[in-house]
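Student: I would like to take a close look at a single part of this protein and understand how it is placed among its surroundings. Could you guide me through it carefully?

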Amino acid sequence: MRLLLTISTVLLSLLATAQQQRPDFMLVIHGGAGTILKKNMTPELERQYQQGLERALQAGYAILNRGGTALDAVEATVRVLEDDSLFNAGRGAVFTNEGRNELDAAIMDGRTLKAGAVASVTTVRNPVTAARAVMDKTEHVMLIGPGAEKFAREQGLVIVDPSYFRTERAWRALQRAKTLDSLKAVQQAGGATPKQEAFLRQPGNHDYKYGTVGAVALDKAGNLAAATSTGGMTNKKYGRVGDAPIIGAGTFASNATCAVSCTGWGEYFIRLSVARSVSDLMEYKGMSVQAAADEMIQKKVPALGGDGGLIALDRNGNFTFSFNTEGMYRGYIRPDGKPVVKIYKEQ
């Protein structure tokens, strides 16, 4: 009997300690992963990225600090990133092969497991808000294309001319992608020059095409949420949709485990159901959020030939940035209100 009482006392003490250590709230974000090297970044552009990440963190922090929900916080955070032309989401999204900007987004509530998503929208200023409306206002999870745009208009969301999303930077990326496609065709036909072969082998000749933004949050009530938004892949064809709007692939949240938002080569994240797999590894194998994230990003994804990263936040406020690329735009903010942002792998 005395032994049982002692064990109970220890368990209660450990539980109390865990509860004391859990922060009141937490917000973690990313702005995409890839070959992001300091030598290729000007000081001014680096500042712009840092400021953009900080603005997004502050938007979510303002909601969490006043007792708002994790769901509201991730939506507000991602909206800021969608409005920032530096990131591949919303304004600044990459172009399809046809020269269009087709946008995808998803959001998920860890408390209820409700989720919403949109894909291939071209006129909705903030796709993450459209995804939230799908979750809140319909019995569906994902709407696509013209149907999603019609729904967004009916909900009174901000609708813009497709030219709003265009940036010269993204347009140049499309021209580069088409040039690479042409060179690859020449290479396959056996006619590439040594100079062309060397160019095709250069690092970064595939991952510049990708990019995503995302946020995961824990609120004062202990609820988790995740949101992800993207313009997809430069030069994508045939209505391609990546992992970002697919619940369980690029976005997932459950109060039982964690909230996850992914970025990278979406086809591999879909095949591995990366976001949900992180949660499953925690739930069924007892892994920490760090170990589960690393299992998928450092082992499973590269084993298939993919790359990228993710952010994940567990119900106790533990979080991770796991990525297998040279960098990932990322940051977090705790209750003290001091944003921390990072870009390069060595940071």
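Student: Which residues of α2 are buried?

Tutor: The model is a predicted one. In it, the buried residues of α2 are E46, Y49, G52, L53, A56, L57, G60, Y61, I63 and L64. To count as buried, a residue must have under 20% relative accessible area.

Let us begin with the helix itself. Helix α2 spans residues 43-65. With its 23 residues, α2 reaches 32 Å from its first C-alpha to its last, which is close to the 33 Å expected at 1.5 Å a residue. After α2 comes G67, a residue with a positive phi near 90°.

Next, consider what the helix lies against. Helix α2 lies across β1, β5, β11 and β12, and its direction runs at about 145° to that of β12. Helix α3, residues 70-82, also packs on the sheet, where it touches β1, β2, β5 and β6. The direction of α3 makes about 155° with that of β5.

The strands named here belong to an open sheet of eight, in the order β4-β3-β2-β6-β5-β1-β11-β12, with mixed pairing. At the edges stand β4 (142-144) and β12 (339-344); each has a single partner strand, so one side of each is left without a neighbour in the sheet. From one strand to the next, the twist averages 10°. As a general point, the strands of a sheet pair through backbone hydrogen bonds, either parallel or antiparallel.

Strand β1 (residues 26-34) and strand β11 (residues 327-333) run antiparallel and are joined by six bridges. Within this pair, G34 stands opposite G327 in β11.

The bridge partner of G214 in β6 is T228. Five residues separate β5 from β6 in a hairpin, and G222 in the turn has a positive phi of about 90°. Strand β6 also pairs with β2, again in the antiparallel sense and over six bridges. There, A106 stands opposite T228.

How enclosed is β6? Seven of its seven residues are buried. On one side these are L224, A226, T228 and T230, and on the other A225, A227 and S229, which leaves both faces of β6 covered.

The buried residues of α3 are A70, L71, A73, V74, E75, A76, T77, V78, L81 and E82. What covers them includes α2 itself, together with β1, β2, α4 (127-137), β5 and β6.

T212 lies in the loop between α7 (194-200) and β5. In the UniProt record, an unreviewed entry, the annotation "active site" covers T212. Why is T212 classed as buried? Its relative accessibility is 4%, and the class requires a value under 20%. Leaving aside residues up to four places away in sequence, T212 touches H30, G31, G32, N88, T228, S229, T230, A244, C262, T263 and G264.

Note on methods. Residues are numbered from 1 along each chain as its sequence is written. This is a predicted model: local features need pLDDT of at least 70, side-chain atom pairs count only at pLDDT 80 or more; totals for chains, interfaces and linings use all residues. Side-chain values use heavy atoms; hydrogens and water are left out. Two strands pair if DSSP finds at least two bridges between them. Helices (H or I, at least four residues) and strands (E, at least two) are DSSP runs, numbered from the N terminus. Axes are lines fitted to C-alpha atoms, for helices over the stretch in contact, and angles run from 0 to 180 degrees between N-to-C directions. Contact means heavy atoms within 4.5 Å. The expected span of a helix is 1.5 Å times one less than its number of residues. Buried means under 20% relative accessible area, exposed over 50%, partly exposed in between (1.4 Å probe, protein chains only). UniProt positions are given in the numbering used here, feature names are shortened, and annotations may be inferred rather than shown by experiment.
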